[in-house]
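Please find below my notes on the model. They are set out as numbered points, to be read beside the sequence and the structure.

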Amino acid sequence: MQRTTHRSLLLARPVVVALAAAVALTATSCAKSEDDASDSKKSTEAAADAGQKVVTPKPGSKTCTIDAYGGEKIDLKDATIGFSQSEKEANPFRIAETQSIKDEAAKRGVKLLTANAQSQFSKQISDVQDLLAKGADLLVIAPLNSDGWDPVLQAAAAKKVPIVTIDRKINATACKDYVSFIASDFVEQGRRAADQMIEATGGKGEVAILLGSAGNNVTTERTQGFKERVAEKAPDLKVVFEQTGDFTREKGQQVTEQLIQSKPGIKGIYAENDEMGLGAVAALKGAGKKAGAIKIVTVDGTRNAVQGVVDGWISGVIESNPRFGPLAFQTLDTFTQGKEVPQDIVIQDSAYDADNAEQDLGKAY
């Protein structure tokens, strides 16, 4: 595994972080054909290429040390790590995220406690408090909401338990309430989604936004980036409809069914995650629409959405890589050794369109 230190994060080129999991193939017979071996090699290469990459922090980016945070040095091998997942693991993003954490803990031989809030914020607060009560020395949290974390932050501070947050940000003070936030640049994801929508629609017409859940920075920033880029590059592309789909396929389908009734001339749909986008595809199929009649752009990079690009139902997908395990554990390892870690660690994401979706399908999750 490649170790990511603060020094390596400051290099001019992105740093490739270790895989969340190696691809394992179970032998079904004593003999393997050359084709089988070739497929295995391709799968492994695709997984390797899909590992998280870190965008080099800007000069002057703030860092955190254990002395500044008020924690105590600890050998990660001897620590118990608590992981709090926010949402039901029906969403491929959450499945891949949790598996990545579990795989990295197993790889390092670290004791891991896990909890799933089942998309209930009150449960997530009690989950994390329970992880602390069970003896978690370090916490990795995938927050459901950005606000309302004071009870957890106070409890963790009292026990000097460092916290790393992933994917969604907690509205609190870095290197005081938590150590580091690891995630994609959500504003940039929105801008890149807008670029794909502009290309797909020719930069003209009416488009809709299927918003993510309210109360977290992902929804706010993906919306912000999309609108900013559309206003800048395609003033003739008008956002005429916005409604939350709560990041779920079912709600995405329901909202799209309403959309095509109320806005029959809609030309494009920007879904702020793949699940809502796939719900939109189901709604369009149910309404008898043809693939590509309404352009759909989504964010995540799940296998089903990338297959949707291959099949012509989705115009483009901006990746949001969920394989946080190696980077989260390496951040904690570096931090607990007394070394500096960035307060904000930004991941570099790829994208899928008609030109690369089929060949890069193996990188999707």
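1. In this predicted model, a polar atom of the Lys295 side chain lies 3.0 Å from the backbone oxygen of Gly292. A polar contact is a pair of N or O atoms within 3.5 Å; within protein, one must be able to donate a hydrogen and the other to accept it, and residues adjacent in sequence count only if both atoms are side-chain atoms.

2. Lys295 belongs to strand E12 (residues 295-300); helices (H or I, at least four residues) and strands (E, at least two) are DSSP runs, numbered from the N terminus. Its relative accessible area is 26%, so Lys295 is partly exposed (buried means under 20% relative accessible area, exposed over 50%, partly exposed in between, with a 1.4 Å probe and protein chains only). Not counting residues up to four places away in sequence, Lys295 touches Met197, Ala200, Thr201, Lys267, Gly268, Ile269 and Ser315, a contact being heavy atoms within 4.5 Å. The C-alpha atoms of Lys295 and Thr201 are separated by 7.0 Å, although these residues are 94 apart along the chain.

3. Strand E4 (residues 80-85) is largely enclosed by the rest of the structure, because six of its six residues are buried. Thr80, Gly82 and Ser84 point one way, Ile81, Phe83 and Gln85 the other.

4. E4 runs parallel to strand E5 (residues 111-116), with six bridges between them, and parallel to strand E6 (residues 138-141), with four. Two strands pair if DSSP finds at least two bridges between them. Ser84 stands opposite Ala115 in E5, while Gly82 has Leu139 in E6 as its bridge partner.

5. Which aromatic rings pair edge-to-face across distant parts of the chain? Tyr69 and Phe335 do so, at 5.7 Å centre to centre and 85° between the planes. Tyr69 is in helix H3 (residues 66-69) and Phe335 in helix H12 (residues 325-336), 266 residues apart. Rings of Phe, Tyr and Trp (its six-membered ring) pair if their centres lie within 6.5 Å; planes under 30 degrees apart count as stacked, over 60 as edge-to-face and the rest as tilted. Both Tyr69 and Phe335 are buried.

6. On confidence, the protein chain averages a pLDDT (the predictor's confidence in each residue, from 0 to 100) of 88, and 86% of the residues score at least 70. Over residues 1-48 the pLDDT is below 50, yet this stretch has 63 contacts in the model beyond near neighbours in sequence.

7. Residues are numbered from 1 along each chain as its sequence is written, and side-chain values use heavy atoms, leaving out hydrogens and water. Local features need pLDDT of at least 70 and side-chain atom pairs count only at pLDDT 80 or more, whereas totals for chains, interfaces and linings use all residues.
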